[in-house]
Amino acid sequence: MEIYIYALIFASLLFILLGIFGFGSERSGKYKLPVNEIEVKKANMHQILTNMFPFTRKLLERLGTYQKLRLKLEGAHVNLSPIEFFNIKIILIFVLLIVSIFSFGKFEPMAIAVSLAAGYLLPEIWVALKIKKRKEEIVRRLPETVDLLSLCVEAGLDFTMAVKWVVEKVTLNPMLEELRFLLEEIKWGKSRSQALRDMSRRINVPEVTSFAQTLIQADRMGTPVGEAFMILSEDTRLRRFQRGERIALKAPIKILIPLIFCILPVIAIIIGGPILIQFSNNKLF
C-alpha cells in the first residue's frame, strides 16, 4: 500500500513541475495542440499557481525579497513570477514533508528539517545553476557577437538595424536573446542608453557591463559607433584570453585533489605493499 502512495506522490509532483515549467508544451508526433490553446493552458497554469497561496505576495513584500527574486528570475531567463517561484517552494516543501512522514511512519524532527531545507533550497540551486550556465554562454558568445555587430555597422547600418540583422540571421543563443529583448525595450519607447543599462544590470557580467558602458559613452560623447565596436572587439577578446589564462592557472591546484586522494595511495600500495608483506613474514632481508 505504501508503494502506491509513494508512486502517487511522485507522479503528482512530476505533473506539477511539468505543468509549471512547460516541458510538455511542445509535443512531438502527429497530434499537436494549436499554439493559442497551448498558450491558454500555460496562462491558466500560471494563474492557478499565482493564486494558490494568497499570502505569498504580502510575505515577499514584507520581507523585501520580491524585487531581488524578480531580478534573479530574469537573470536565469525563467518564465515565472516571484510569487509563482515561491509557491513552487511551498509545494515542494509540502510534498517532501509528506514523503518523509510516510517513509519513517512518524514525525522525525531531523527528517522534517531536511525536508524543509531541501524544499526551500532546491529551486534556489536550480536557478543559480541556470544563471551560471547562462552567464558562461553569454561571455563565450560575446566576442563573436561584437565582431558581427562591428561588421554590420561598418557596412552602413545603424546600431538598431545591426542588432536586428544579427538577431535574425545568427543561430539563437543567450546573448542574442538579451539583444532581442533590448530591441523590444527600444521599440516600447525606452531610450537606447537606458535599455543598455537594464541589460547590464540584468545579466550582471563584467564583459557585458563594459559593452554597455562603452556604447552609452559613445552615444553620450558623439563618438562613431564603428570606433566603439572596434574598441569593444579588442577588449572582449583580451578579456577572454585573460579568462582562459586564469582557468589554466587553476588547473594545477585542481589536479592536486585527485593526485593526493586517488593516485598517491595507489602508488604507495604498489610500492609499499610487497615490502610490508615481506616484513610481516620476517623475510625483509
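Colleague: So what pattern does the protein follow, read along the sequence?

Modeller: Going along the sequence, it reads α-α-α-α-α-α-α-α-α-α-α. That's 11 helices and zero strands, where helices (H or I, at least four residues) and strands (E, at least two) are DSSP runs numbered from the N terminus. Bear in mind that this is a predicted model: local features need pLDDT of at least 70, side-chain atom pairs count only at pLDDT 80 or more, and totals for chains, interfaces and linings use all residues. Residues are numbered from 1 along each chain as its sequence is written, and side-chain values use heavy atoms, with hydrogens and water left out.

Colleague: Okay, and how many of the residues count as buried?

Modeller: 31% of the 285 residues. Buried means under 20% relative accessible area, exposed is over 50%, and partly exposed is in between (1.4 Å probe, protein chains only).

Colleague: Now helix 10 and helix 11. At what angle do they pack?

Modeller: About 165°, with the axes 10 Å apart. Axes here are lines fitted to C-alpha atoms, for helices over the stretch in contact, and angles run from 0 to 180 degrees between N-to-C directions. That angle makes helix 10 roughly antiparallel to helix 11 (under 35 degrees is roughly parallel, over 145 roughly antiparallel, 65 to 115 roughly perpendicular, the rest oblique).

Colleague: Which residues of helix 10 and helix 11 make the contact?

Modeller: Contact means heavy atoms within 4.5 Å. From helix 10 they include Phe211 and Leu215, and from helix 11 they include Phe229 and Arg239. The contact residues divide into eight nonpolar, two polar and three charged. For the labels, Ala, Val, Leu, Ile, Met, Phe, Trp, Tyr, Cys and Pro are nonpolar, Asp, Glu, Lys and Arg are charged, and the others, Gly among them, are polar.

Colleague: Switching topic: is Glu185 buried or exposed?

Modeller: Buried, because its relative accessibility is 5%. Glu185 sits in helix 8, residues 174-187. Apart from neighbours within four places in sequence, Glu185 touches Lys190, Ala195, Asp198 and Arg202.

Colleague: And what's the phi of His77?

Modeller: Positive, about 60°, although His77 is not a glycine. You'll find His77 in the loop between helix 4 (66-76) and helix 5 (82-104), and it is partly exposed at 47%.

Colleague: Where does Asn204 lie, then?

Modeller: In the loop between helix 9 (192-203) and helix 10. Asn204 has a positive phi of about 60° too, and is not a glycine. With 53% relative accessibility, Asn204 counts as exposed.
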